[in-house]
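The notes are grouped by topic.

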Amino acid sequence: MPMVNIAGKDVEVDEEGYLIDLSQWNEDVAKHMAVEEKVDMTENHWEVINFLREYYDEYQIAPAVRVLTKAIGKKLGPEKGNNKYLYELFPYGPAKQACKIAGLPKPTGCI
Amino acid sequence: MSDMDMEDDGSGIVKKFMFLNRKAPHGTVYALEGLEVVLITAAFDQDVSLVFTDDGVYQLMKGIDTKGIEVKDFSKTYRALDGYDIEKLYVDQSSLDARGLTEDDLIVDVTVLSDDEMKNLMDEQDVVISF
């Protein structure tokens, strides 16, 4: 497995760049992943990242996009729980990009 | 013809799928793999029922702690099924009884069925997949 050095710490990632050991995640790792994904992190981005981390903590999986969208709508309101909003934040897919930045594995059922 | 066209042709068909979970959560990969298949199937808008029977009822036990065996505890993931619109979870009374368990020992809400009810439910299915 490839290793990347982030802020002086070696972290292990898979061939697609997802973290192997979720406990190695921190804000520096997130920022590093965001730069690689060409995502300019704003407060709105962090809100989704934090939501994903909470979701993972509660259910032990990375949600499918459809499920994520619905869950965000429930918690943060319909103006955020829709594809347009999430894809504007993460153009290459909230599941693919946001999960990677959040240090989660690739979502199950992400085809 | 592209694959997309093929998929469009079949998009209106909804079949009744039953996933039958019969094995203890750890020691084999059946429970985890079964769960992943169910989560993936959820994307296809099918009529999905999940059954936990025999040692499969242990998959739904509250308070599982896998630290000692160094594998992931995925029992919390069953609580995410609701968000995937998988709401039909069944357990049979005899499997609970044989293991000294009740509904209160389970991490999610289930419908408890008698053996006859379970037979009827299985008869109604188009597809039954056993893990």
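B:Asp92 has B:Leu113 as its bridge partner in β4(B). The model is predicted, and this pair belongs to the link between β3(B) and β4(B), where 3 bridges join two strands that run parallel.

**Sheet of chain B**
- The sheet is open and has 5 strands, in the order β4-β3-β2-β1-β5 (chain B), with parallel pairing.
- At the edges lie β4 (111–113) and β5 (127–130) of chain B, each of which pairs on one side only.
- From one strand to the next, the twist averages 25 degrees.

**Pairing of β2 and β3**
- Strand β2 (residues 47–52) of chain B runs parallel to strand β3 (residues 88–92) of chain B, and 4 bridges join them.
- B:Ser49 has B:Lys88 as its bridge partner in β3(B).
- B:Leu50 stands opposite B:Leu89, also a residue of β3(B).

**Helices and the sheet**
- A right-handed β-α-β unit is made by β3(B), helix α3 (residues 93–98) of chain B and β4(B).
- Helix α2 (residues 30–41) of chain B lies across β1 (16–21) and β2 of chain B.
- The direction of helix α2 of chain B is at about 160 degrees to β1(B).

**Contact between the chains**
- Chain B gives 12 residues to the contact and chain A gives 10 residues.
- On the side of chain B that touches chain A, 6 residues are nonpolar, 2 are polar and 4 are charged.

How values were computed:
Residues are numbered from 1 along each chain as its sequence is written. Chains are lettered from A and ligands numbered from 1 in the order in which they are written. This is a predicted model: local features need pLDDT of at least 70, side-chain atom pairs count only at pLDDT 80 or more; totals for chains, interfaces and linings use all residues. Two residues are in contact if their C-beta atoms, placed from the backbone, lie within 7 Å. Ala, Val, Leu, Ile, Met, Phe, Trp, Tyr, Cys and Pro count as nonpolar, Asp, Glu, Lys and Arg as charged, and the others, Gly among them, as polar. Two strands pair if DSSP finds at least two bridges between them. Axes are lines fitted to C-alpha atoms, for helices over the stretch in contact, and angles run from 0 to 180 degrees between N-to-C directions. A crossover is right-handed if, with the strands pointing away from the viewer, the path from the first strand over the helix to the second runs clockwise.
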